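Visitor: Could you take me through one part of this structure up close? I'd like to see the place where the ligand sits.

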Amino acid sequence: MAQVSTGAGEVLLEARGLGRRFGDFVALDGVSAQFRAGRITAVIGPNGAGKSTFFNLLSGALRPTSGTLLFGGRPIAGLPQHRFAHLGIARSYQITSLFPRLTAHENLRTAMQAFAARYDLWTRRDALRDLAERADALLEAIGLAARRDRPAASLSHGEQRALEIGVALAAAPKLLLLDEPTAGMGPEETKAMVALLRRLSEERTILLVEHKMKMILGLSERILVLHHGRLIADGTPAEIQADAEVRRVYLGQSGGYGHA
Ligand code: ADP
Ligand code: MG
């Protein structure tokens, strides 16, 4: 099997003419884009633009009906989803993936253990202690060290979302895919999540799907804009803000650029 290189700046994931139909309806129409290591990229667009469809194609939850998907230069479209995880593509789930009665620490430890067991990693006897330490480091990274021994169910909505990101990170992915991580959050929780994503993006490659334009302008280095399943813009936040078509699409919406 070819080694997947993950040096900063290298193309990690590439979509070539990626498309998806549902019957006669074209939800995603021939999108081509490259995603490089060590960056935070956002895919935005109004509701119904095809963002979740794109996200599901990139994370292996859906198969494309046209085009190809390359990871480290290798075609991966059509592989079963667990192969995506094994290759290093992790996704968060909008439907909660937490065990409500387990503590924050136990949730992370369980996720790490499940991933390790599946791929025969850490077979040594001291692996359990190692796992506990790694779970602590991960708790710290997602800002939940103070909630270590609290059951997941007792955490606030924002903290649960952060823990879900921790669960996705438990597999030490090369690429983290997030679909609307601030969905259902108030301004304070949104701010905390944006700060978390900014911290995480220093060491990880993140691809974020979001409909709130304002939220991602200060966070992403690069923004892709989908509208009616088509990629209508791809550039820096400054380029996106100045783009006439993007302005038209967003200003046509109630709330303009959306609530941050
Ligand atoms: P977004 O995430 O940008 O709001 P989606 O990717 O969820 O958009 O949906 C894009 C379009 O594709 C919508 O019109 C939606 O109704 C349609 N769609 C999404 N999933 C399905 C499906 N499984 N079957 C039929 N239509 C779908
Ligand atoms: Mg969506």
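Guide: Let's walk around the ligand and then along the strands beside it.

This is a predicted model, where local features need pLDDT of at least 70, side-chain atom pairs count only at pLDDT 80 or more, and totals for chains, interfaces and linings use all residues. Residues are numbered from 1 along each chain as its sequence is written, chains are lettered from A and ligands numbered from 1 in the order in which they are written, and side-chain values use heavy atoms, with hydrogens and water left out.

Around ligand 1 you'll find a shell that includes Phe22, Phe25, Ala27, Lys51, Ser52 and Thr53 (a residue is near if one of its heavy atoms lies within 4 Å). The largest share of that shell, 3 residues, comes from α1, while β2 and α1 (51-58) each supply at least two. Helices (H or I, at least four residues) and strands (E, at least two) are DSSP runs, numbered from the N terminus.

Now the oxygens: one oxygen atom of ligand 1 lies 2.6 Å from an N or O atom in the side chain of Thr53, and for the side chain of Lys51 such a distance is 2.8 Å. On its own, ligand 1 exposes 570 Å², and the protein buries 58% of that (accessible areas come from the Shrake-Rupley method with a 1.4 Å probe).

Phe22 and Phe25 turn up again as bridge partners. Strands β1 (residues 11-22) and β2 (residues 25-36) pair antiparallel over 8 bridges; pairing takes at least two bridges found by DSSP. In their hairpin, with 2 residues between the strands, Gly23 has a positive phi near 65°.

How values were computed:
A polar contact is a pair of N or O atoms within 3.5 Å; within protein, one must be able to donate a hydrogen and the other to accept it, and residues adjacent in sequence count only if both atoms are side-chain atoms.
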